[in-house]
Amino acid sequence: MSQVRSVLLLIIIPIVTLLCSMAAFLVFAPFCSRRACDGLILFWARTLLWLSGVKVHIRGQENLNKLKSAIFVSNHLSHFDIPILYTSVPHSFRMAAKAELFNIPLFGRALRAFGFFPVQRETPENTKQTLKMMADRFNKGESVWMAPEGTRQMPPRIGEFKMGAFYLAIRTQQSVVPIVIYGSQYVLPKNSFLINFNKWNQDVFVEIGEPSPISQWPMESRHEFRDQVRNQMIEVFGRLAQS
């Protein structure tokens, strides 16, 4: 029966996402507050996890109690990392998404309307525009999520980190919050379309680390800053994998 559910989810999840995208673009974005928009995103994420039999175990939410805005960075194992993060992080945030997602009819317009932003090819002009946009968002108390690995990792591990999130953090003087996910690779593996095939449920573990103070890191030390955050996440990932 779990195999039947996996096949049905190929139809149900796009329908749920389409309906939420329509509500986002036609109702929530033009007429509702950011808090209401966050509520729609959370509804979408929780619905996907419930339909798919995913149970998320979260540690470290208390580390965000006094946080105003930050750059959340996490490892990336599955497309399900996105709804998992939105149900795990008790803080309003948006994410950098692949530029091609914004070309999907209606869904792409909903992404833009809700404040998500495309990852553009790195050129001096695009970098300058991105920094200005992010500085404006941080000034409004908004947060963003970025995946410094750049792509899903297979086999599951903490991959090499790109510099973007850490360069941005130092330039805008925003704390970096490391988040480690383990178990999502079993929900929807890379190169697969079937969710939780041959099983009803899957536990996923999320650990939110303490915000890394940015004032001690000058721009010339950005590589050391990146490596320190990555080493912390490797340690947590290993512990979660053994639990």
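At what angle do the axes of α6 and helix α8 cross? They cross at roughly 120 degrees and come within 9 Å.

The views below all come from a predicted model: local features need pLDDT of at least 70, side-chain atom pairs count only at pLDDT 80 or more, and totals for chains, interfaces and linings use all residues. Residues are numbered from 1 along each chain as its sequence is written, and side-chain values use heavy atoms, with hydrogens and water left out.

**View A. Helix α6 packs against helix α8 (residues 222-242).** Helices (H or I, at least four residues) and strands (E, at least two) are DSSP runs, numbered from the N terminus. Axes are lines fitted to C-alpha atoms, for helices over the stretch in contact, and angles run from 0 to 180 degrees between N-to-C directions. The crossing of α6 and α8, at roughly 120 degrees, makes α6 oblique to α8. Angles under 35 degrees count as roughly parallel, over 145 as roughly antiparallel, 65 to 115 as roughly perpendicular, and the rest as oblique. α6 passes α8 in a right-handed crossing. Handedness is left if the near helix is turned anticlockwise from the far one by less than a right angle, and right if clockwise. On the α6 side, Phe166, Tyr167, Ala169 and Ile170 make the contact. On the α8 side, Arg222, Phe225, Arg226 and Val229 do. Contact here means heavy atoms within 4.5 Å. By class, the α6 and α8 residues are six nonpolar, no polar and two charged. Ala, Val, Leu, Ile, Met, Phe, Trp, Tyr, Cys and Pro count as nonpolar, Asp, Glu, Lys and Arg as charged, and the others, Gly among them, as polar.

**View B. Helix α1 (residues 2-31) runs beside helix α2 (residues 34-52).** Their axes come within 10 Å and cross at roughly 175 degrees. α1 and α2 are therefore roughly antiparallel to each other. From α1, the contact includes Leu9, Ile13, Val16 and Phe28. These and others meet α2 residues including Leu40, Phe43, Trp44 and Leu51. The contact of α1 with α2 has 16 nonpolar, three polar and one charged residues.

**View C. Helix α2 also packs against α3.** The angle is about 120 degrees, and the axes are 9 Å apart. α2 and α3 are therefore oblique to each other. α2 passes α3 in a left-handed crossing. Ile41, Leu42, Trp44, Ala45, Arg46 and Leu49 of α2 touch Ile82, Pro83, Ile84, Tyr86 and Thr87 of α3. Nine of the contact residues are nonpolar, one is polar and one is charged.

**View D. The largest nonpolar core holds 41 residues.** A nonpolar core is a set of buried Ala, Val, Leu, Ile, Met, Phe, Trp, Tyr and Cys residues joined through side-chain atoms within 4.5 Å. Buried means under 20% relative accessible area, exposed over 50%, and partly exposed in between (1.4 Å probe, protein chains only). Phe72, Phe80, Val89, Phe93, Phe116, Val177 and Ile179 touch the most other members. At least two core residues come from each of α1, α2, α3 (81-88), β3 (93-98), α4 (107-113), β6 (176-182) and β7 (202-208). α2 gives the most, with seven. Beyond its neighbours within four places in sequence, Val177 is in contact with residues including Leu64, Phe72, Ile208 and Pro211. A second, separate core of 27 residues includes Val73, Ile158, Val180 and Val229.

View E. Gln173 follows α6, with a positive phi near 55 degrees. At 11% relative accessibility, Gln174 counts as buried. Leaving aside neighbours within four places in sequence, Gln174 touches Ser69, Ala70, Ile71, Phe138, Ala169 and Ile214. The C-alpha atoms of Gln174 and Val16 are separated by 34 Å.

**View F. Two asparagines lie in the loop between α7 (184-187) and β7.** Neither is a glycine, yet Asn191 has a positive phi of about 70 degrees and Asn196 one of about 45 degrees. Are they buried or exposed? Asn191, at 73% relative accessibility, counts as exposed. Asn196 is buried, with a relative accessible area of 0%.

**View G. A cis peptide bond joins Met154 to Pro155.** Omega is near 0 degrees. Pro155 lies in the loop between β5 (143-146) and α6.
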